[in-house]
Structures are given as C-alpha cells and as structure tokens.
Amino acid sequence: MRAARSRPLGIVALLSSLLITGVAVPPGPALAAPAPAATAATAPPTLAPTPPMGFNNWNAFGCDVNETLIKETADVIVSAGLADVGYEYVNIDDCWSLRERGPDGRLVPDPVKFPSGISGVADYVHAKGLKLGIYGDAGTATCAGYPGSLGHEEIDAQTWADWGVDYLKYDNCNNQSDGSQADFVRRYTAMRNALDATGRPIVYSICEWGQSQPWTWAADVGDLWRTTGDISDNWASLRSIIAQNAPLAAYAGPGNWNDPDMLEIGNGGMTDTEYRTHLSMWAMMAAPLLIGTDLRTASPETLAILGNRDVIAIDQDRLGVQGAVVSDEAGLMVLDKPLANGDRAIALYNSTDTLATVSVPVRDTGLRRAGAYRLQDVWTGEVSQAKSTISAGVPAHGTVVYRVRPLADPTVVPPAVSVGATVGTLVPGTAGTGTLSTTVTNRGVGALRDLRVTARAPEGWTVTATSSDSRRSLATNASLPTTWTVTVPDGTAAGRYPITVTAGYDWGPRHRAASTTSQLVSVVVTAPGDGRRHLSTIVPVSSSNDEGPVETDQSNGGGSDNDGNLITIGGQVYNRGLGTTAPSEIVYYLGGRCASLVTDVGIDDEATSPVPATFTVYADDTAVASSGPVVSGAAPVTLTADLTGADWLRLVTTGNDPTTNAHTDWAAPTLACGGAGPDDPVLPAERTLFSFESGTEDFTIANPDSGGTMARTTTFHTDGGHGLTVATPVNGNWFGRALAEPLDLTGSTRLRYDVRAEEVGTVGEFAVQVGPDFAWCQGGRWTWTNPNSSRTVTREFSELSCPAGVTLDLTQIRAVWVFLNSGGQIHIDNIRAD
Ligand code: GLA
C-alpha cells in the first residue's frame, strides 16, 4: 500500500457533484427479515480471477428497479446467449429497500418492488445459473436516500449473505468522512471484514468514484474499485473516463480490477462506433463488463456489440493484465495487452472528431521480433499482415482492435493498408471550395501493385484530384499522398456529411485484388439566418476547452457535459450563454452576414481563481473586442464587437490557474445578422408565463395537506429583479395555478424554468392541465438539481403523458404546475414556453 496522499477531498463538493435521479416511494409496511440460513463455504483466494461480467439496472432505469425487471433481465441474459459468452451477475442498484430499517435493525426490501424479497429473486436468478448482486453504501444513507450501512456493516453483510447475494456494490454517498484516505480505508475495510465473517463468497465492488485513489490501497480489500465519477451516456463522458482509467494499468490484476463504471451500450446517447469503442476499451483495460441497458428491448446491433466473443476474450483473458498505454498524443491512444496464448491485443483509439491514422511501431509493443505479423481485426474479423508498424485509418471516436501474433509466411495474407484523410470545413457554393488530403500507406510485407485511390462524396458534390491518385507500385511502408478539391452545391444544409475514400490494389505473387476504405466526416457550415439570436442556439464549427466540453446555457461545471450551473457572474444569474474554462476557443461561421455580437463576460462564481482571465472576440483574424484582465468576483463586463464583413467569429479566453480552473463565462451573447436592428426581439422567441415580478403570481399548492409555502424573492432571479422562494415538503408538492382563460401555446415545443437549490437538492418536473375537464398531463424523467446548484429544467410537451383519451391540445392549456421536493428552500424563476 502506498503512502496516503494529503489532498483534502471536499466532501460537500464531492457529494454535490453527484447526479441522482430520485423517485418517490410510497412508504410501505416493514417486513420481518428472513431467519439467517446456515452458510459454511469459505471464500476462494479470488472471486474475480477475470473482470466480473453481468448486468446492473442503474444506467438504464435509475431508481426504477423491481423484481420483474431483474427476473426478465435474467431470462434474456440466458435466452439471448449472453450467459454463454460470460455475462453472469444480475445486479440490483440503489432504491431496492424501504426508507427505514426493520424493528430488528435489518434492511427491508421494498415489498411493492420486490414482493418475493431479495432472497426470492436470488433463488430465481440462481435457478437460471446466474448470480445476484446488491447495492449498499458506506455512509448513513445511499445516494438516493435509502438506509446506508455505515455502522451496520455486520448485520447488513449477514442479511445479504442470508438472502443468497453473490456480489456487493458498495457506494460512498453521505459518508460522514473527514476526507482522509485513512477514513476511506476504514469504511471499506469494515465491510470487507463483515463480508468475510459471513463465510459466503461475495464479490466486493468498491464504489468511491476514485476519490481516495483506491488503486493504491484496495488490493487486499475489494475485488474491483471504481476509478472515476459516474459514467453517462454521451461521448464526452466516455472519453473522459477512458483518459482517467487507462493510466492505471499497473494496479490491475486478477481479483484487483480498475472499474471505469458500467456500460452505456444500447442506451441511445452514442453512435454504434462510440459503443464499439466503449466495449473495445473496456476489454483492453480489463474492466468489468456490466451491461447497463434494457436487455428486453435491446436491438440486434446492441446485442451484437455486447456479445462479441473476440472482444470479450480480450477482457476475460486469464493472464489478467490491463492493457498498457504505449502512446497517447493529440487524442490518439495505443494500448497493448498481453494475452495468455502469447498473442497481444493492440488497440488504436481515436478520440478526436475526425478520421485519423493511428500507428504504433511493433518495436514499441511487447510483440517479439519477427519478419511479419498477423493482425486479426476483432470487429470485422478481417486478417491482414504488417511488417513493422501496426496502423489503421480510424474513424472519429472509433477504435480498431487487432489480435496480433508473429506470422511465418506473409505471402498468403493480404497486406495491411491504412487510408487516412483530412478535409477542411466546407461552405456551399464555388466560393467555398475546400481541400481534401488523402494518404494511403502500405504496412504489409511486399509491394502493392496498380494502386488507385477514389473519393466518393454525397450526390451533387464534386471531388477532383489535383495531384496523382494512382501508383504502379507502392513499397512496404511507402505512402501515396493525394490532394483533391471539394465543391458543395449551393443550398446544401449545414451538417455533417460522409466522404468515403477507397484504395484499390493488387497484392502478392498471384496479384489478388483487394481494397481498403475509410470514411471521413466533413462539416458543411452556413451563415446564421437574419435577426438577433442567442449565440448559444447556434452550433459552432469547432470548440476547444480546458475542461470537458463547452457548455450551452450553463457554466462549465466539470469534465463531463451538462454538469454546470446557471451562469453566475458577480452574483448576476443568466439562463443563456456559453460556459468555458480557459484556455478556450469557439469558432462560428458568419459568411460576412452579421453586424455585431453583444455579450457579458466574467469568471463564474462557482470556481474562483487568483489569476485573471481575458475574453477576446475575433472577427476573422482581427481582435475586435477584449475585456482586458477580469478577476473573480467582479461584476460582468459588457463587450460589443463589430463583425461587419467577417466570415468567421472566434471567442477566445486565456489566462488560467490550472489548480483552480477558472470558469470563463460568455453570458447571454446575442448575434445580429442580416440587417437586424438593436430592438428586434432576440430569437428563438420565448413566452414568459410567470416571472414573479409583481408577487407570487397567485401561485397555489396542488395538495395543500402535504404542505409548502411560497414568497417572492430578490435572492434569485434570471430576469427582472425577482423570483419565487418555495419551502417544500420532503415528499414534494406541485406549485402553480389554474389560468383565468385557456392559454394558447401553439408553436411552442417545451416548457422551462430556472431553479436553484439551497442546502438540499430537488427534483423538478412539469405538469399542465388541459381542456374543459382540466385533464392532468405530466411526466418525462425527473430532473435532479444538486444542493447549492442551479439549472434550467426543460420538459418537451411530447414527454408529458395525459390520461387515456385526452390529447394535449396546446390551444387549451388551463393550468401550469411545477413539482419540487427538497424538504428545504428552493428558488425558481422565469417559467416559460419556447
Ligand atoms: C452513485 C454510484 C452510481 C449509482 C448511484 C445510485 O452515483 O456511483 O453508480 O449506484 O450512486 O444512487
């Protein structure tokens, strides 16, 4: 075990960084726990000789867990063949118990969600040849507020063992910790000892989000440990977790796995290329493979990704070595994982937003010296040979994984050929002609003959080679570079369009024909439409940012997307803008059509810094407005930039102290284009329903017996000078009112409001009443706001569900309600439709 590090963990920040989806649970009767069953088995040396595989409900269902889901999932794991490829554990996450322990001090399964109890579900799962996992927390309460196990370790471990549980995920919310590593070791070791004392073999999954560097101390405590915060179903999250987990290879081994969190494959927030990267990199990193999607409705593509035996074989290889990072430069990473049969798995991972050629010289890997190597692509199954460099054109966000071994006779295997390409941003019309560059490289033993390169673009585009696109012969490790001009027809919509580049050639003594293809994504941009509009509603051409992605209509927050607060500068709160962390740059295409940008700028109150930051607006390459050095806590500065004639707009922030990560905000930037005047309305048009300027707007409480109070406030407002402070009951209530006349919201697609929680977080939800009978329409996923945080809650009308037979007629809105449930003070403002 390594010496403890002294970095204070900031428990409030740590807890408030969690996003939790809450679901109200009706209090039910306490059930008596079953009598303990005698268990005598002693734990084998390691319960997880290879990374655990299975399912966990959290990513797809949050708190919405129940017996039917778990049983049906177990059924599918068997029937879909996932058990055959190794998926074994069916794990229940948070929210399975009642809110109170039973009279005997034991945890009580919620009898509505689990009528057979956890033991009944365990019996069912065991009968299918699978194993059951449960969730607990090394604190006073779980993340969703159910009883925690701190101080109850022995009785809880025994309860789980008595029920037949085989796997425990042990979380870290509400941990009462002083933040020291010693405290983490103490809390997690207490449960280790309690599990041992039961005598039942239970895999122990430590879930403290990497806070106390568990890889340095948990080898003798748990079988696996989370290394990062929670994953979410988007590319920014996946990329950030890979970057954090990949360098920890040295700490992994049989029974000691780094856990970069559960799989999001199939949940819809990423492309299949990204989901293949997800499984590829988890396999290369010898990570646990816990499916996190609804298997009962999973598509064939999802099942094919999850069920890829060649990828799983890399993850489950009995040598149990996490792939080492061979190189990691400019977003391109190479991993090298030794396998038990002497092969090595080599991953070429492209985290950038464009096609890239990723390469590694064989001598930089653990492969032994040979004249040639056999590469088997684990996703396509294709086999090729390489002489001394392993290389491929890898699509944006993609990963190529080869199983590699020395090859005695390369003449019978086609050569590995990489096709790379780059293309600049394209503007429709001949004035916007762009350049495409392609490079074909022969990595195989033996020359390619009659090489021809072709580039195929969408219908109506022209792609013309301006340098040689063919070669009689291309020797080993030689390249053919070609440049092309690309013209996009006038009227083409802005967006991303594929360009396919194919190299066709003959190889080997028998001149066999073969080809290699790469797909490139080109970006077509068009100038903004006429009028004044919020810049945050315009998609930039590109953006770079020091910490995670640039955020729209919120501050930068942290490394994931959508993790900021409402932009707040010197106490002033904005619900529009761009959240960045310096150094940052955001680029827009204007096409010479825009006159001005007006924006407030400043350092967000959420992350103060001793170092000033500077905000500069560039029209093409000319700085047209600059804030000069701006310090934390200062009032917002207003910049007005003249953009007349400029093709490109660039917003740049510089100056930052890396230890504090100042969050540089562009607050409410508005762009005027096509002759728009300063008094034109800012688009997209919003309709304010309640802004609390004159009072509480006659708001009422839907269920007066459940409690709650309201008062107008100046503490929080995102327009005007006032908002509404609501004291909410713990179980929540609806705040809003019936309208004197039916409201016509035709043309709007959604409802929004701004919210700030004080010391207790809250869920947020909308309901409307509609039609002559005031039918109640509500729904969609609840939006959680952390303690001491703010956000805009958005609900599409299409997400609301109405009673049977009622359609949501937007011309007949009779009442609008918002739901809040903190048990504390919540501020809201600016309930609006757009
Ligand atoms: C934490 C964990 C998640 C999940 C939730 C449940 O956030 O990291 O994986 O278990 O708690 O509330």
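I started at W282 and looked up what it touches. Leaving out residues up to four places away in sequence, I listed I231, L238, I241, I242, P260, D261, L263, A287, P288, L289 and D315. I note that this is a predicted model.

Next I asked which core W282 belongs to. W282 sits in the largest nonpolar core, which has 86 residues. Y87, W96 and W282 have the most contacts inside this core.

I then found another core, apart from the largest one. This other core has 32 residues, and L689, F699, I701 and I813 are among them.

I checked the domain assignment of the protein chain. Besides domain 1 (55-320) and domain 2 (328-521), it gives domain 3 (531-683) and domain 4 (687-833).

How far apart are the C-alpha centres of domain 3 and domain 4? I read 29 Å. The two domains do touch: 6 residues of domain 3 are in contact with 13 residues of domain 4.

I turned to the ligand. There are 12 residues around it, and D93, D94, K169, D171 and D230 come nearest. I sorted this shell by residue type. It divides into 6 nonpolar, no polar and 6 charged residues.

Which side chains reach oxygen atoms of the ligand? For D230, an N or O atom of the side chain is 2.5 Å from a ligand oxygen. For K169, a polar side-chain atom lies 2.7 Å from a ligand oxygen. For R226, the distance from a polar side-chain atom to a ligand oxygen is 3.3 Å.

On its own, the ligand has 310 Å² of accessible area, and the protein covers 99% of that.

Note on methods:
Residues are numbered from 1 along each chain as its sequence is written. This is a predicted model: local features need pLDDT of at least 70, side-chain atom pairs count only at pLDDT 80 or more; totals for chains, interfaces and linings use all residues. Side-chain values use heavy atoms; hydrogens and water are left out. A residue is near a molecule or strand if one of its heavy atoms lies within 4 Å of it. A polar contact is a pair of N or O atoms within 3.5 Å; within protein, one must be able to donate a hydrogen and the other to accept it, and residues adjacent in sequence count only if both atoms are side-chain atoms. Accessible areas come from the Shrake-Rupley method with a 1.4 Å probe; for residues, only the protein chains shown count as cover. Ala, Val, Leu, Ile, Met, Phe, Trp, Tyr, Cys and Pro count as nonpolar, Asp, Glu, Lys and Arg as charged, and the others, Gly among them, as polar. A nonpolar core is a set of buried Ala, Val, Leu, Ile, Met, Phe, Trp, Tyr and Cys residues joined through side-chain atoms within 4.5 Å. Buried means under 20% relative accessible area, exposed over 50%, partly exposed in between (1.4 Å probe, protein chains only). Contact means heavy atoms within 4.5 Å. Domain bounds come from an automatic or database domain assignment.
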